[in-house]
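These are my notebook entries on one structure. I put down what I looked up and what I found.

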Amino acid sequence: AVFYKKTMKKIIIYILLSFSFSSPIIKSLCLPGWGELSQGYKTRGKILLYTESLLVISAYSFNSLSKTYKSDYIAYAQSHANINLQDKDYLFAADVGSKDNLQDFNDEINRERDDTYPNTTEYNWDWDSSSSRKKFNSMRINSINFEKYTTFALAAMIVNRVVSLVDVIILNRKQKSNISSIILPKGYDGL
């Protein structure tokens, strides 16, 4: 919901700024396709507007799914491994999903001579089954994947603006340089 509100605020600000500037270039930066529409290129404008709409919906949906999966895997770990992941980082969640319990994890880490977690209730986990751990891992991975998809959608929104901007600049140049020629027969005096 926070992501959606921030995005909507930005769109409204862009639209308001666009009204104060009548330039198709500014319009295209604010909302891809708007500059093309204002110049009478309806098909181009609609394609860019539809693309932008799809990207906004995708970014919002991916962000929501990421947060839902994260909330689900945190609750699932609490229920099936007796561990509170609320204030823990993502690496710890990945470690919780890698072994059935803290002791098994620390034993393996000791063999590799890396840092272990303290054997306290704050870091202690014990999955009720390997299948629960695997389900947790699946939810955790889905969460991080949808977070990446959100980033890709936001990057695509930037690319869409650049495409629209370049398109409007080309269309402006094309309209300004409407040079035409006519071939006149030799000896034609204009009458």
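Does I158 count as buried or exposed? I looked up its relative accessibility, which is 56%, so I158 counts as exposed. My cut-offs are under 20% relative accessible area for buried, over 50% for exposed, and partly exposed in between, with a 1.4 Å probe and protein chains only.

**Basis.** I am working on a predicted model, in which local features need pLDDT of at least 70 and side-chain atom pairs count only at pLDDT 80 or more, while totals for chains, interfaces and linings use all residues. I number residues from 1 along each chain as its sequence is written, and side-chain values use heavy atoms, with hydrogens and water left out.

**Overall fold.** I counted 7 helices and 0 strands in the protein chain. Read along the sequence, the pattern is α-α-α-α-α-α-α. Helices (H or I, at least four residues) and strands (E, at least two) are DSSP runs, numbered from the N terminus. The protein chain has 191 residues, of which 32% count as buried.

**Helix α4 and what follows.** I checked the length of α4, residues 42-81, against expectation. After α4 comes N82, placed in the loop between α4 and α5. Most residues other than glycine have a negative phi. N82 is exposed, at a relative accessible area of 59%.

**Nonpolar patch.** I went back to I158, which is found in helix α7. Together with V162, V166 and I170, I158 makes a nonpolar surface patch of about 360 Å². Patches are made of residues with over 30% relative accessible area and no salt bridge; like charges are joined within 9 Å, and nonpolar side chains (Val, Leu, Ile, Met, Phe, Trp, Tyr) within 5 Å. The accessible areas come from the Shrake-Rupley method with a 1.4 Å probe, and for residues only the protein chains shown count as cover.

**Charged patches.** I found a patch of positive charge on the surface, where K5, K6, K9, K10 and K67 gather. Which helix gives the largest share of the positive patch? It is α1 (residues 2-20), with 4 residues. K6 is found in α1 and is exposed, with a relative accessible area of 53%. I also found a patch of negative charge on the surface, made by D104, D107, D126 and D128. Of these, I placed D128 in the loop between α6 (102-112) and α7 (130-176). Lys and Arg count as positive and Asp and Glu as negative, while His and the chain ends are not counted. I took the place of a charge as NZ of Lys, CZ of Arg, CG of Asp or CD of Glu.

**Salt bridges.** How many salt bridges does the structure hold? I have 4, a salt bridge being a side-chain nitrogen of Lys or Arg within 4 Å of a carboxyl oxygen of Asp or Glu. I looked into several of them.

- R44 and D167 meet through their side chains at 3.1 Å, N to O. R44 lies in α4 and D167 in α7, so the pair ties together parts that are 123 residues apart in sequence. R44 is partly exposed at 38% relative accessible area, whereas D167 counts as buried at 15%.
- D100 and R133 form a salt bridge in which the closest N and O atoms are 2.8 Å apart. D100 lies in the loop between α5 (90-96) and α6, and R133 in α7, so this pair ties together parts that are 33 residues apart in sequence. I have D100 as partly exposed at 25% and R133 as buried at 14%.
- E108 and K99 meet in a salt bridge at 2.6 Å, N to O. E108 is partly exposed with 25% relative accessible area, and K99 counts as partly exposed at 25%.

I looked up Q103, which is found in α6 and is partly exposed, at 45%. Q103 and N119 are 16 residues apart in sequence, and I have them 8.0 Å apart in space, C-alpha to C-alpha.
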